[in-house]
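User: I'd like to learn how to read a fold like this one, feature by feature. Can you walk me through it?

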Amino acid sequence: MKCAEKLLALAFLHLALSSLLCFAACADTRRRGNGRNQNRNQKASSGGNTWCIAKPSTENARLNVNINYSCTQSGVDCRPIQPGGTCYRPNTIISHASYAMNLFYKAAGKNTWNCHFNGTGIIISVDPSIGSCNYPM
């Protein structure tokens, strides 16, 4: 075996071992939680906690319909997504629609059909709360 071939073999072996160690470390971090959302992930996986959010591919016009519908239903208070509210930021239609849709989902009984929104809603088990905006369970 030539010197260059030996170096190439050693480099490949080093790369393979590094990849395996990285994979093992990443898998262990996922199993234990990454520290940032560890409590949220544990809560979501331990008791069937779910939230309803808008599918990211949904057109803005449909998201507006979802906001208008959700915010006019009994038990839904959309003040947090109004300017100055705790969930106004991020000021995006997808964020506001997700918050309003989740409020409706919760108020209506958290049944799968309460998150359908003509195919634009999706139920998740990881808390979508961000910053000071807390999505109710």
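This is a predicted model: local features need pLDDT of at least 70, side-chain atom pairs count only at pLDDT 80 or more; totals for chains, interfaces and linings use all residues.

User: Let's begin with the layout. How many helices and strands does the chain have, and in what order do the elements run?

Analyst: The chain has four helices and two strands. Reading from the N terminus, the order is α-α-β-α-α-β. Of the 137 residues, 28% count as buried. For contacts between residues at least 6 apart in sequence, 71% join residues at least 24 apart.

User: Which residues of helix 3 are buried?

Analyst: Buried here means under 20% relative accessible area. In helix 3 that picks out Leu 63, Asn 66, Ile 67 and Ser 70. Around the axis they cover an arc of only 100°, so they sit on the same side of helix 3. Ala 61, Val 65 and Asn 68 are exposed on the other side.

User: And what covers that buried side?

Analyst: The cover includes strand 1 (51-54) and helix 4 (93-107).

User: How do helix 3 and helix 4 pack, then? What are the angle and the axis distance?

Analyst: For a helix pair, look at the angle, the distance and the handedness together. Helix 3 and helix 4 pack at about 35°, with axes 8 Å apart, and their crossing is left-handed. On the helix 3 side, the residues that meet helix 4 include Leu 63, Asn 66, Ile 67 and Ser 70, which you've already met as buried. Their partners in helix 4 include His 96, Ala 97, Ala 100, Met 101 and Phe 104. By class, the contact has ten nonpolar, five polar and no charged residues.

User: Is helix 4 mostly covered or mostly open?

Analyst: Mostly covered: eleven of its 15 residues are buried. Those buried residues run from Ser 95 to Tyr 105, and what covers them includes strand 1, helix 3 and strand 2. As for length, helix 4 reaches 21 Å from its first C-alpha to its last, close to the 21 Å expected at 1.5 Å a residue.

User: What about the segment after strand 2? Is Asp 127 buried or exposed there?

Analyst: Asp 127 lies in that segment. Asp 127 is buried, as its relative accessible area is 14%. From Asp 127 to Met 137 is ten residues in sequence and 8.4 Å in space, C-alpha to C-alpha.

User: Which residues does the cis peptide bond join?

Analyst: Arg 89 and Pro 90, with omega about 5°. Pro 90 is in the loop between helix 3 and helix 4.

User: And where is phi positive in a residue other than glycine?

Analyst: Lys 110 is one case, with phi near 60°, and Asn 118 is another, at about 50°. Lys 110 is in the loop between helix 4 and strand 2 (121-124), and Asn 118 is found in that loop too. How open they are is a separate reading: Lys 110 is partly exposed at 26% relative accessible area, while Asn 118 is exposed at 66%.

User: What is phi for the glycine that follows helix 4?

Analyst: That's Gly 109, with a positive phi near 115°.

Definitions and conventions: Residues are numbered from 1 along each chain as its sequence is written. Side-chain values use heavy atoms; hydrogens and water are left out. Buried means under 20% relative accessible area, exposed over 50%, partly exposed in between (1.4 Å probe, protein chains only). The arc is that of the directions from the helix axis to the C-beta atoms. Contact means heavy atoms within 4.5 Å. Axes are lines fitted to C-alpha atoms, for helices over the stretch in contact, and angles run from 0 to 180 degrees between N-to-C directions. A crossing is left-handed if the near helix is turned anticlockwise from the far one by less than a right angle, and right-handed if clockwise. Ala, Val, Leu, Ile, Met, Phe, Trp, Tyr, Cys and Pro count as nonpolar, Asp, Glu, Lys and Arg as charged, and the others, Gly among them, as polar. The expected span of a helix is 1.5 Å times one less than its number of residues.
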